[in-house]
Amino acid sequence: MNPADLPRTVAHAVRCAVEDGELGGVPPERVVVERTRPGGVGEYASPVAFQIAKGARMRPADVAAVLARRLDGVPGIERVEVTGPGFVNFVLPALSAPRIIASVAAPRPAPPVPVGGTPGLRERAVREAVVRILHNQGRRDDAPAPPTAAPLAGRDGDVLARYGADAVLWAVLAVPARETPEFSDRLLVQGEDSEFFRVRYAHARSRALLRNARDLGFGPAAGEVDDAPALLRVLADHPLALEAAAHHRAPERLARHLVELADALLDFQYRVLPQGDEKPSAAHRARLALAEAAGTVLAGGLALLGIDAPERL
């Protein structure tokens, strides 16, 4: 089971528990599953028990216990545990590179976003990003109510002229809307100190790896990859990051995820191509397919934020 399947699996367990009379109330339309926080059990956790405890007239811990019994033994889930006041925690089997790669979709064109009377650059940027993320999740809400965004310090035109549209969008969308974004020359630095640069550079590197591999006479082919646990984990988490960004109307959650993915890809890139006298092998083709998938996810994530993903940097 991919982590992206967990929300649907948990939602199904809730519906069945309600239909069978184990739980009262109305099942939620959507279930949130996120990475387990430090100190938790397993890789993923859901607070769904807190969503339905009131309607079920039960303590969250008791709701979680009902769901844990139903979910324990589901194919693709190794173990389910209840922690704290009612969190449902999941331990999953080792991640499968071919399965994760197969789940990566090519970036879809971003929908046009009606800006209406949105006053400033930041309010507009947050609203447009939220609408794109909602559309990506199948929610056709063109007039959401994103968090009120703190205005920019200084005039919008001055900021755009100094840093450029893409850098400004990154600065305003990479922090929670209630916080004031920081503008400094770090946005213009093409180096590791700039998260904005790292994310776009990682995408460009994924495309460079494909070009270099073609020059060596081979291409990507999905297969198991046993030396990229961090990259596999972050790729597997991408659908959950998008779901959380949509649920909370929080583009910064997507931006944070893209930074984590970029860093994992940049660490992994050196193992993709043959070294020295090595001949291209099935392992190289599998690693290349994984790098290509990571680049696709980076491009799609940047597009949702309204930011260009260049092929070369």
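Biologist: Where is Val175 found in this model?

Modeller: The model is a predicted one. Val175 sits in the loop between α7 (165-173) and α8 (195-215).

Biologist: Why is Val175 called partly exposed?

Modeller: Its relative accessible area is 22%. Buried means under 20% and exposed means over 50%, so Val175, at 22%, is partly exposed.

Biologist: What makes a residue a contact of Val175, and which residues are in contact with Val175, leaving aside its neighbours within four places in sequence?

Modeller: Contact means heavy atoms within 4.5 Å. With those neighbours set aside, Arg122, Pro181 and Glu252 are in contact with Val175. As for Ala255, 80 residues apart from Val175 along the chain, the C-alpha atoms of the two are separated by 8.4 Å.

Biologist: What volume does the largest pocket have, and which residues are closest to its centre?

Modeller: The volume of the largest pocket is about 790 Å³. Its lining has 32 residues, and Asn136, Gln137, His238, Pro239 and Leu242 are the closest to the centre.

Biologist: How do the residues of that lining divide into nonpolar, polar and charged?

Modeller: In the lining of the largest pocket, 17 are nonpolar, eight polar and seven charged.

Biologist: Which element supplies the largest share of the lining of the largest pocket?

Modeller: α9 does, with seven residues.

Biologist: What lines the second largest pocket?

Modeller: That pocket holds about 670 Å³ of space. It is lined by 28 residues, with Glu34, Arg35, Thr36, Arg37 and Arg253 nearest its centre. The largest share of this lining, seven residues, comes from α9.

Key: Residues numbered from 1 in each chain as written. Predicted model: local features only at pLDDT ≥ 70, side-chain atom pairs only at ≥ 80, totals over all residues. Heavy atoms only, no water. Helix = DSSP H or I, 4+ residues; strand = E, 2+ residues; numbered from the N terminus. Buried < 20%, exposed > 50% of the residue type's maximum accessible area, 1.4 Å probe, protein only. 1 Å grid on protein atoms, 1.4 Å probe; cavity = no way out; pocket = protein on both sides within 12 Å on 5 of 7 lines; lining within 4 Å. Points joined across faces, edges and corners; volume = space filled by probe spheres on them. Nonpolar A, V, L, I, M, F, W, Y, C, P; charged D, E, K, R; others polar.
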